[in-house]
Amino acid sequence: MTSSSPTPPPREQPLRPRHRVTAWAAGLLLVVPALVTACRALDTDAVTPIPQLLSFLPWLTVPAGLALLLAAAARRRVLTFAAVLVLTATAWSSVPYMPQTVISYGLPLARVKAIAANVEFGQGTRALTGVIRRERPQLVFVSECDRACRDTLTKTFATELPHYATVDGEGSVGSILLSAYPLRDWRMIPAAMGMPGATADIAGVPVRLQLAHPLPPLPGQVHLWKRELARIKDFAARHAQGPTLIAGDFNASQDHAAFRAILAAGGLQDASRRANASRTPTWPMEGPLPPYVQIDHVLVNGFSVRDVRFLDLAGSDHRAVLADLDLRGPR
């Protein structure tokens with residue numbers, strides 16, 4: 001009777017030069033999707049370049065998928081398995097976000113159309129004027145509305161939208177909230193760019209309105225971006241028990257933790273998400289890149305959503321968001 005030695009486990013063959021380059025390319029392609037997806041899972045915006053890269057989160061499935069193909073071509077099982085994990089995690093993280101809240105509504109009290117529009121230093125004012133004439137909204141939130149923009153809108157719609165709250169300024173500083181309903185209790189969230197707010201009486205119900213326009217998360221000012229989004233979150237938390245509408249250019253998408261914190265603090269719903277359109281990009285509408293991220297939002301509490309549409313504005317680098325809403329009574 002003879003004894004036999006155990007068969008050694010199979011080893012991966014040494015990489016050929018071409019396969020070695022392919023494996024290295026796959027590994028490099030996985031770095032950004034893995035890092036960004038990890039920050040999304042940890043619910044943090046971290047530091048530059050994470051906030052900027054989070055805007056591309058759904059698109060990061062492309063390099064992750066390419067990395068998987070290259071890892072398989074290089075015949076590296078461990079790398080292929082890692083690529084599968086990263087691709088799956090990135091795709092899962094890209095599923096549209098919805099706060100885990102139970103929504104129950106009372107009877108509809110009033111139908112309200114609201115528009116959130118960034119007119120890019122006033123350049124899109126003429127196009128917005130045409131949109132307002134065509135759509136007949138009751139509320140319009142306009143960012144980057146300089147003095148000329150303010151004068152045009154208030155004079156043109158003195159009958160339809162006679163009430164307004166404004167922050168006067170040139171360039172990106174100016175903003176205006178136009179309303180068909182009387183406004184009171186004007187207040188402003190402190191910020192580098194204007195964020196006016198007021199309370200409107202709609203069908204006998206006080207509704208808190210707030211325009212949002214925090215600084216963008218540019219390198220070197222991410223801390224300021226987070227601070228201004230935190231102030232919007234604090235506002236949302238203070239008004240969480242009553243009907244609220246916050247709209248504007250948030251310079252943040254659903255993939256940013258600071259934006260999701262606003263939804264959670266105020267019990268708010270993103271109207272685009274309720275309309276299954278939360279991945280429709282609103283920026284940039286100008287420049288070499290196609291639009292790839294939704295940073296313009298209409299957030300509501302105490303409203304149900306009939307429909308959301310995205311409207312091009314000639315002269316602006318943003319699409320406007322038109323939300324068709326129903327104000328609801330007590331549950």
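Residues are numbered from 1 along each chain as its sequence is written, and side-chain values use heavy atoms, with hydrogens and water left out. Because the model is predicted, local features need pLDDT of at least 70 and side-chain atom pairs count only at pLDDT 80 or more, while totals for chains, interfaces and linings use all residues. Helices (H or I, at least four residues) and strands (E, at least two) are DSSP runs, numbered from the N terminus.

**Helix α4**

- Helix α4 spans residues 77-93 and has 17 residues.
- From first C-alpha to last, α4 reaches 24 Å, close to the 24 Å expected at 1.5 Å a residue. The expected span is 1.5 Å times one less than the number of residues.
- Leu-79, Thr-80, Ala-83, Val-86, Thr-90 and Ser-93 of α4 are buried. These residues lie on the same side of α4, because they cover an arc of only 160 degrees around the axis. The arc is that of the directions from the helix axis to the C-beta atoms.
- Arg-77, Val-78, Phe-81 and Trp-92 are exposed on the other side of α4.
- Buried means under 20% relative accessible area, exposed over 50%, and partly exposed in between (1.4 Å probe, protein chains only).
- An α-helix has 3.6 residues a turn, so residues three or four places apart point the same way.

**Surface patch**

- Trp-24, Leu-28, Val-31 and Val-32 form a nonpolar patch on the surface. Together they have about 440 Å² of accessible area.
- Patch residues have over 30% relative accessible area and no salt bridge; like charges are joined within 9 Å, and nonpolar side chains (Val, Leu, Ile, Met, Phe, Trp, Tyr) within 5 Å. A salt bridge is a side-chain nitrogen of Lys or Arg within 4 Å of a carboxyl oxygen of Asp or Glu.
- Areas come from the Shrake-Rupley method with a 1.4 Å probe; for residues, only the protein chains shown count as cover.
- Val-32 sits in helix α1 (residues 17-41). Val-32 counts as partly exposed, because its relative accessibility is 34%.

**Cysteines**

- The model has 1 disulfide (a pair of cysteine sulfur atoms within 2.5 Å).
- Cys-145 and Cys-149 are the partners, with S to S at 2.1 Å.
- The torsion about their S-S bond is about -100 degrees, so the disulfide is left-handed.
- Cys-145 is buried at 3% relative accessible area. Cys-149 is buried too, at 2%.
- Cys-39 is buried, with a relative accessible area of 10%.

**Cis peptide bonds**

- Thr-48 and Pro-49 are joined by a cis peptide bond, with omega about 15 degrees. Pro-49 falls in the loop between α1 and α2 (50-54).
- Trp-283 and Pro-284 are also joined by a cis peptide bond, with omega about -5 degrees. Pro-284 is in the loop between α9 (271-274) and β10 (296-301).

**Positive phi**

- Most residues other than glycine have a negative phi, and most peptide bonds are trans.
- Asp-185 has a positive phi, near 55 degrees. Asp-185 belongs to strand β5 (residues 183-188) and is partly exposed at 35% relative accessible area.
- Asn-251 is not a glycine, yet its phi is positive at about 50 degrees. Asn-251 lies in the loop between β8 (244-249) and α8 (257-266) and is buried at 12%.
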